[in-house]
Amino acid sequence: MEEKFEPERYSVIREKNKREIVMLRGSGCKWKRCAFCDYHFDASQDEEANFRLNEQELNKVTGLYHKLEVINSGSFCDLDERTIEKIIAVCKEKEIGEIHFECHWIHRREAADFRKRFADQGMIVKIKTGIETFDQHMRQDVMKKGLPENDPEVIAQYFDEACFLFGLSGQTEASMRYDIETGLAHFERICLNVMVENTTSIKPDPDVIKVFRERIYPDYIENERVDILMENTDFGVGGEKHV
């Protein structure tokens, strides 16, 4: 990811779980070791600069669907305090009652207090985590995910939604279906991300992606609980801004 990365940071998701989405900027993912991810470069230690950027994007929120998703290339706890207060203020003003955040496993114990903070304001928080796969070897040794727990019931104690990553060598139709069905059995919603070329050493496997596209995609594309991102910018954020 280039130093002067200027992505689109606000969009509207008009299908399935309709919502607005903002990609904010925080202090950075504290794990930062996932072998497939380079989004952690979208970060800054300058809290004032982060807040100015985040305020600008949050001011675009209209309350259209009364739901908002907040992503920030890390976890909700990487956002500065003023940004959190701004999120609360915007949601109050725009009558948004449900807010989705993301969180890495290492911050799972911070989720309860975070939920309560918003609940005290009359808002429901849904938290998504990246599981990527229930193949423990693939997740820990190949992806370097930093999620040693593999019992979906335990993971679901902390999180409402889960992300999975497909399109890597070694994955099969059976393994991907297992991940999807296990995810649906334990989480409210799941998001299926197909690996795309980036700056990391992990590369997409076109044969695995073909299997996903031809055999799995058709079975889940109409499922209201399943988001599918064939490109990581399909939600309308993360891609280069068009001026």
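## The enclosed space

Strand E7 (189-194) gives the most to the lining of the largest cavity, with three residues. A cavity is a set of points on a 1 Å grid over the protein atoms alone where a 1.4 Å probe fits but cannot get out, and lining residues have an atom within 4 Å of a point.

This is a predicted model: local features need pLDDT of at least 70, side-chain atom pairs count only at pLDDT 80 or more, and totals for chains, interfaces and linings use all residues. Residues are numbered from 1 along each chain as its sequence is written, and side-chain values use heavy atoms, with hydrogens and water left out.

How much space lies in the largest cavity? About 60 Å³, where a volume is the space filled by probe spheres set on grid points joined across faces, edges and corners. Among the residues that line this cavity are His100, Lys128, Glu161 and Asp227.

## The open pocket

The largest pocket has a volume of about 1100 Å³. A pocket is an open set of points with protein on both sides within 12 Å along at least five of seven lines. Of its 45 lining residues, Phe36, Cys37, Tyr39, Glu102 and Asn232 lie nearest the centre. Strand E5 gives the most to this lining, with four residues.

## The sheet

Eight strands form an open sheet in the order E1-E2-E3-E4-E5-E6-E7-E8, with mixed pairing. Two strands pair if DSSP finds at least two bridges between them. At the edges are E1 (10-13) and E8, each pairing on one side only.

E5 and E6 pair in the parallel sense over four bridges. Lys128 has Glu161 in E6 as its bridge partner.

## A helix against the sheet

H6 packs on the sheet and touches E5, E6, E7 and E8, at about 175° to the direction of E6. Contact means heavy atoms within 4.5 Å; axes are lines fitted to C-alpha atoms, for helices over the stretch in contact, and angles run from 0 to 180 degrees between N-to-C directions.

Met176, Asp179, Ile180, Thr182, Gly183 and Leu184 of H6 are buried (under 20% relative accessible area, with exposed over 50% and partly exposed in between, using a 1.4 Å probe and protein chains only). Their cover includes helix H5 (152-156) and helix H7 (206-220).

Technical notes:
Helices (H or I, at least four residues) and strands (E, at least two) are DSSP runs, numbered from the N terminus.
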